[in-house]
Every structure is written in C-alpha cells, then in structure tokens.
Amino acid sequence: MNAFSPLQRSLAQAVRNRVAGEDADERAEIIWRSPGERRFVPEDPVWRVHADAAMFPGGVASLLLQMLHPMAMAGVAGHSGYRSDPWGRLQRTSTYIATTTFGTIEHAQATIDHVRSIHARVRGKDALGRPYRADDPHLLMWVHVAEIASFLRAFQRYGADQLTPQECDTYVEQAGWSAERLGVIDPPRTLAELESVLAAYRPELTATDAALDAARFLLVEPPLPLAARPGYWAIASGGVALLDPWARRELRLPSSALLARGVMAPVGRASTAMVRWAMAGTERTSA
C-alpha cells in the first residue's frame with residue numbers, strides 16, 4: 001500500500017483543490033480543529049453520509065434535480081456565477097455542508113447567517129415570468145429536499161456502508177437542523193416525509209432552456225482539462241443514474257432504467273470507490 005501512497009496523495013489533492021479550493025487545508029483546520037461544541041458526532045448518520053465519497057455523485061444528482069424547478073434554476077443562472085466561476089460555487093457549497101455538519105455550532109450558525117444574508121438580496125423572475133426570491137421558504141424547501149434526497153440515495157448505492165431504515169429517518173431529521181435555521185419551515189423528519197414532500201413538488205418541475213443549458217455545461221462540457229474529464233464523467237454517470245427516469249427524460253438524458261442500472265451505476269460505484277481510496281490514503285499519511 002505504501003507504494004501507492006504518492007498516487008493516492010496526488011489524486012486526493014487534485015480532488016480537494018477542485019472541491020474545497022487551494023486553501024482547503026486552512027479551511028479544514030478551522031472546521032475540524034476549532035474548539036467548541038458540535039451538533040453532530042462521527043457516529044451520526046448525517047456525519048457518515050456527508051463524510052463519504054458518495055457525496056461526489058450525490059452532488060451531481062442534487063444539482064441536476066434542483067435545476068428542474070424553474071425558480072431555483074433562474075436563481076442559479078442569474079446570481080450564482082456557475083459559468084464564470086463554477087469551482088468557486090462548488091467550493092462555497094462544500095464549505096457550507098462541511099461547516100454545518102462537522103464544524104462547531106458557533107461556526108455553523110455564522111455560516112448559515114452569512115448565506116441567509118446573501119439569499120435576502122437575491123430576487124428575479126424565472127423563465128415563466130414569475131417573481132422569485134431566494135429566501136422564499138417554499139423554494140428553500142425544494143433545494144433542501146432535492147439535496148438531501150440525492151445525498152442519501154448516493155450513500156445507499158455507492159457508500160462505504162448503508163444506513164438502516166431507522167438511520168435513514170435520523171439522517172433526514174439531522175439534515176433538517178441547518179435547513180430550518182436557513183429558513184426552511186418544518187423540514188421533513190423521516191424518509192417517508194421526505195418522499196412525500198418531493199412528490200408534492202413534482203407538478204412544479206420542468207426543464208427550462210436554462211436548465212438544459214446548465215445540464216449540458218455540467219455533464220458534457222465541464223470546465224476541466226481534457227485529461228481530467230474521463231474521471232469526472234465517471235462520477236457524473238453515477239450521479240445521473242441516481243435520478244428517477246422522469247427527471248432524466250426532462251433533462252434529455254438517457255432515461256432507460258437498464259442503462260442506468262447496468263452501465264452508469266457501476267461506473268459511478270467504481271469511480272466513487274476510487275475517490276474513497278485516494279482520500280483514505282491521504283488520511284493515513286497525514287495522521
């Protein structure tokens with residue numbers, strides 16, 4: 001195993017630089033080393049899910065699902081800078097999730113307050129001409145449930161282990177801790193409630209031209225060197241496989257269940273295992 005440690009470190013560093021930024025070590029020091037009370041512990045389902053490499057395909061699935069709400073997509077297209085600074089947006093999102101899951105309660109609340117202040121300034125109209133605001137509790141609920149449903153589904157399919165049904169309920173409840181403080185009113189507390197909320201949003205979802213353009217940017221033309229794209233596409237395939245067939249059809253992605261389960265999911269599982277291996281190697285050498 002030691003013979004592969006340089007390769008592990010190199011791969012892990014490349015992933016961390018993209019996902020967490022070049023100052024990842026400094027951010028990690030604050031999140032992991034700062035003294036203070038934490039809301040969650042390593043044994044908690046939310047910690048286990050958010051610490052696993054399955055978050056990579058889960059994140060892709062989350063973005064694709066979220067963009068099917070025209071108001072959410074309009075907010076992303078108009079205010080997030082996802083084209084001009086895609087990695088910066090990803091890094092801000094990953095820092096938010098890491099801080100609210102693993103950081104101290106004080107740092108988590110400060111991060112939530114910062115995001116709330118940004119949401120309060122985001123306004124606009126969606127592709128159908130309807131006004132939206134980023135701090136609308138209904139829109140915040142959609143972003144929340146699409147996110148945690150994708151993360152949980154990814155963990156159950158590609159994770160190092162699986163949650164029991166009771167632990168799935170606990171995950172949904174624990175993930176609601178930060179969502180409620182962000183402005184989500186009465187977030188789901190069980191997996192059954194999560195699935196019910198997702199179903200209730202279905203009539204509101206459609207792929208606008210902006211969503212189709214964003215999906216193409218995310219999946220076909222990612223802002224990566226050509227040499228890095230195959231590895232990214234492998235992870236993205238796992239994310240696409242997590243979507244329901246109706247969502248893949250809306251986004252004009254392969255909707256065949258056979259293709260998703262027989263090709264994309266195994267590729268996603270293998271690529272997730274590779275990322276997990278790389279990160280584990282880094283943890284060993286830095287311990």
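1. The model is predicted, so local features need pLDDT of at least 70 and side-chain atom pairs count only at pLDDT 80 or more, while totals for chains, interfaces and linings use all residues. Residues are numbered from 1 along each chain as its sequence is written, and side-chain values use heavy atoms, without hydrogens and water.

2. The largest nonpolar core has 72 residues. Such a core is a set of buried Ala, Val, Leu, Ile, Met, Phe, Trp, Tyr and Cys residues joined through side-chain atoms within 4.5 Å; buried means under 20% relative accessible area, exposed over 50%, and partly exposed in between (1.4 Å probe, protein chains only). Helix α8 (residues 137-158) gives the largest share of this core, 13 residues. Helices are DSSP runs of H or I with at least four residues, numbered from the N terminus.

3. L251 is among the residues with the most contacts inside the core. Apart from neighbours within four places in sequence, L251 is in contact (heavy atoms within 4.5 Å) with L64, M67, L68, A207, A211, L212, A215 and L243.

4. Helix α8 also holds S150. S150 counts as buried because its relative accessibility is 5%. Its side chain reaches the backbone nitrogen of S62 at 3.4 Å. Beyond four places in sequence, the contacts of S150 are G58, A61, S62, L65 and L242.

5. On the surface, L259, V263 and V267 form a nonpolar patch with about 200 Å² of accessible area together. L259 lies in helix α14 (residues 257-286), and counts as partly exposed because its relative accessibility is 31%.

How values were computed: Helices (H or I, at least four residues) and strands (E, at least two) are DSSP runs, numbered from the N terminus. Patches are made of residues with over 30% relative accessible area and no salt bridge: like charges are joined within 9 Å, nonpolar side chains (Val, Leu, Ile, Met, Phe, Trp, Tyr) within 5 Å. Accessible areas come from the Shrake-Rupley method with a 1.4 Å probe; for residues, only the protein chains shown count as cover. A salt bridge is a side-chain nitrogen of Lys or Arg within 4 Å of a carboxyl oxygen of Asp or Glu. A polar contact is a pair of N or O atoms within 3.5 Å; within protein, one must be able to donate a hydrogen and the other to accept it, and residues adjacent in sequence count only if both atoms are side-chain atoms.
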